[in-house]
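Take a look at the sequence and the 3D structure below. Then follow this short report through it.

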Amino acid sequence: MQILASNRNLPPSLVFKPNEPVLALRTTESGVSHMKPNSRISASRTSWMGIVLLILALPLPAMAALGGDVASVQEDRAQMKGTLKTTEGTSFTLHEIKGAAGTVVREYVSPDGEVFGVAWQGPAIPNFQQILGNYFQTFSDAAQAQRAAHRGRGPLYIQQPGLVVESTGHMRTFSGRAFDPGKLPQGVSANDIR
């Protein structure tokens, strides 16, 4: 089996070089295998890489992510090990999931069945990659740029043409919201997402 991976964005210590052994073993007379003292990758780094590869191989749970459809709301509830409360309105349907850890995620769904906004509140920040879906990379790039420009901690406020994210809080008290202003249904304002 061959694994092809790009070396971009990896620290120099984790870059693989073609035709270079990752881990070399030698056997002593007693039959016990030992690592060569000049191995290029330490056991802890090998273990770390194994964990990363395992995580990448696992299927990600489906989430009714921003821009996604309503079909996976039940899967979200199961993933969060929570309870679901649905409230139907004239302009949107609100699916509120209270997770076992106490975090509440609210998913705002248009009459067309598309998630146009998400909000959260509770003792932990939800998995942004799951709740932002295809918007995650835009969010990640903007968040890194904001953190680089404003060193230190503080609220996160991202306003892009197709994405607004507000996230604030401190230990055990987090809240925020994310939405695509272009996907707000008629009669719905940003203030409705809370």
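Start with a loop. Lysine 81 sits between helix 2 (73-80) and strand 3 (83-88). Helices (H or I, at least four residues) and strands (E, at least two) are DSSP runs, numbered from the N terminus. This is a predicted model: local features need pLDDT of at least 70, side-chain atom pairs count only at pLDDT 80 or more, and totals for chains, interfaces and linings use all residues. Residues are numbered from 1 along each chain as its sequence is written, and side-chain values use heavy atoms, leaving out hydrogens and water.

Two residues can be set side by side. Buried means under 20% relative accessible area, exposed over 50%, and partly exposed in between (1.4 Å probe, protein chains only).

| Residue | Relative accessible area | Class |
|---|---|---|
| Lysine 81 | 65% | exposed |
| Histidine 95 | 9% | buried |

Lysine 81 touches Gly99 and Ala100, not counting residues up to four places away in sequence. Contact here means heavy atoms within 4.5 Å. Lysine 81 and isoleucine 97 are 16 residues apart in sequence, and their C-alpha atoms are 9.1 Å apart in space.

Histidine 95 belongs to strand 4 (residues 93-98). Its side chain makes a polar contact of 3.2 Å with the side chain of threonine 86. A polar contact is a pair of N or O atoms within 3.5 Å; within protein, one must be able to donate a hydrogen and the other to accept it, and residues adjacent in sequence count only if both atoms are side-chain atoms.

Now helix 4. Phe139, Ser140, Ala142, Ala143 and Gln146 are buried there. Their cover includes helix 3 (128-132), strand 7 (156-160) and strand 8 (163-170).
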